[in-house]
Amino acid sequence: MKRRNFFKKIILGIVGIETGYLVFDSFKKKKKKAVSRDLFEAGRIDSFEKNRMYPFNSGKFYLSVFENGGMLAISIKCTHLGCIVQPDNDGFLCPCHASAFDKHGEVVSPPATRALDIFPIVVSDGKILVDTNSPIKRKGFKKSQLTFV
Amino acid sequence: MGNDKIKHSVLTGFLLHLHPKKVNSEAIKYTRTFGLGGINILLFVILAFTGLLLRFSYMPTPERAYDSIVSFQNNTLFGSLIRNIHHWSAMFMVITTFLHLLRVFYSQSIYYERKKNWYYGLILLLVVLAFNFTGYLLPWDQLSYWAVTIMTNIIEYVPFVGEWLANLIRGGEIVNENTLLNFYNFHTALLPILSTVFVVLHFWLIRKAKGVTVANNNEQKMVNVNPALISKEVIVALFTLAVVIFIGLFFNAPLLEKANPMVSPNPSKAPWYFLGFQELLINLHPIIATLIIPSALTFFFIFIPKVSIKNEKVGRWFYSEKGKRIIVYSVLFAVVTTSLLILILEYWLHLNKLDIPLFISTGIIPLFMYLIPAGTFIFILKKKLKADKIELILALATIIFTSYIVMSFVGIWLRGEAMHLIF
Ligand code: HEM
Ligand code: HEM
């Protein structure tokens, strides 16, 4: 009797692990598909002026070009609860819970506590490409985050 | 009456088999259960039935979900009514499940052989919330899209595992077609199976404990289930059905514009039954709101039925005369303290401006602004009223329930643009 219980437990255990694995795996596959997407093409370098901010809704980022020529691809997703931030006199404002950010994406007013995420910018062939699948989390703005061309 | 030779149809026979032949006359008074468990199971059956009908038209993709619902409402016979009934039954079920929890808790029906059923009940509560939350996304309108965005982003705040968990639930970084498919599968396949299993266990354990608790076990007067109990069940069932159909006929389930992932409405709120939780996050540091308080509550709810209670107290509404008074005081205490603290944090104290770590200024300080009065209150109950262990648990649980209700009330009705208080 004991042995039978033992086998029963083993079989149940294996079935359990297998089921868990299957469920988990079905979640994971989708993620891989998303990662394999290409870089987002923002446009030719010479089409961007200094001191301006270009919204790319379909890429879910704002491309900001500053006076010194440095660029940031700032995520449109508020770090508070994920709403879409809107441009607001020289910075960004979240319509849901009134978090405000400056032009570099740093928090000016809570409830958000973290600067807006940025996306890596790659320059190739005179074009600006943005890796919208790998947001970079950051505490605040640093010069080293800027991309120069 | 009581004639065993009557032939029943298969369905009637099955339904009768859920009950024993005879029950204690005390156990079937309305004031014992208020029929709440029965209402829950009926709502579940209504939801399963209307959900099945909805499934025939519903398409779980961002392009077609919204339109499939609009077309179901306009082109299918009784489409609107079916969707309305599904929607309102789901909303009622959150409330009746919560009331049922209150009923078993306050009538001391969770000790000894009923301990397990308290735990299965808690699981059922989670299942009901999961049903509602996954269902909420399915219409894919502005309300549902942003409510689920807010809620999954709240999950991201849970330390260590939050981000991983939120991405798993969403199937990605944002709410998108993967999320919709995940939620659809959970809502219409996994959760129905899960809930059926747990409901069966729940019912089996009720039978095993010889039915619901009764206050006084000495003088038992047994009556036949059929018709004494059955007639009451039928009355409650018909009443519930009438309410649901009536509301479904005259009040449409909300459907805003189709979801637009680029435009967040102002304000954006979590689904209403989670707004008490969102309120917590508005007032307290995320580590405290999403990890410390929920874990403490979980331990507390697991701990409750483990306390030993005198046999003659089992099944007594509110435990004792003193218990009743303590509960009233606790409600008053929690209403006043919670509302005051919300007002103070909104208008007078801007703790995040202090030059100390946020965890202390927006976490520890407001938490203690609540815990110190609560601790004092409990201490006074113990010293002045000589409350025993169970009475203190009654007080604590009442404070928790009341605070959550107050916070939900504030979140649902008193917060407007940008989630600021409207006055
Ligand atoms: C058991 C089988 C069930 C099935 C097959 C099912 C199926 C569906 C379907 C296809 C929809 C999309 C239609 C729509 O959004 O109007 C839906 C929506 C929904 N379901 Fe269910 N459902 C079931 C049970 C439940 C239960 C038990 C609950 C709650 C406790 C629930 C709560 C909801 C909610 C809140 C919505 C959104 C309704 C709205 O606002 O339009 N469902 N369900
Ligand atoms: C879908 C959800 C649920 C259904 C369908 C359900 C159904 C029922 C029914 C029909 C009864 C017997 C009659 C009555 O008390 O009204 C009952 C009893 C009970 N339920 Fe639930 N229930 C649900 C959720 C819960 C929850 C959330 C809890 C608590 C956390 C809970 C704990 C209990 C306990 C402890 C009893 C035994 C009460 C006694 O013996 O007096 N149930 N349930």
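**View 1. Polar contacts of ligand 2.** A nitrogen atom of ligand 2 has a polar side-chain atom of B:His202 at 2.8 Å. Such a polar contact is a pair of N or O atoms within 3.5 Å. Also at 2.8 Å from a nitrogen atom of ligand 2 is a side-chain N or O atom of B:His100. At B:Thr213 the backbone takes part: one of its N or O atoms is 3.0 Å from an oxygen atom of ligand 2.

This is a predicted model, where local features need pLDDT of at least 70, side-chain atom pairs count only at pLDDT 80 or more, and totals for chains, interfaces and linings use all residues. Residues are numbered from 1 along each chain as its sequence is written, chains are lettered from A and ligands numbered from 1 in the order in which they are written, and side-chain values use heavy atoms, leaving out hydrogens and water.

**View 2. The shell around ligand 2.** Here you meet the 28 residues that surround ligand 2, each with a heavy atom within 4 Å of it. The closest are B:Gly37, B:His100, B:Arg103, B:Arg114 and B:His202. Helix α6(B) gives the largest share, 7 residues; helices here are DSSP runs (H or I) of at least four residues, numbered from the N terminus.

**View 3. A nonpolar surface patch.** B:Val234, B:Leu238, B:Leu241, B:Ile245, B:Phe246, B:Leu249, B:Phe250 and B:Phe251 make a patch of about 790 Å². B:Leu238 sits in helix α10 (residues 225–250) of chain B. Patch members have over 30% relative accessible area and no salt bridge, with nonpolar side chains (Val, Leu, Ile, Met, Phe, Trp, Tyr) joined within 5 Å; a salt bridge puts a side-chain nitrogen of Lys or Arg within 4 Å of a carboxyl oxygen of Asp or Glu. Areas come from the Shrake-Rupley method with a 1.4 Å probe.

Key: Polar contact = N/O pair within 3.5 Å; in protein donor to acceptor, adjacent residues only side chain to side chain. Helix = DSSP H or I, 4+ residues; strand = E, 2+ residues; numbered from the N terminus. Patch = residues over 30% accessible without salt bridge, like charges linked within 9 Å, V, L, I, M, F, W, Y side chains within 5 Å.
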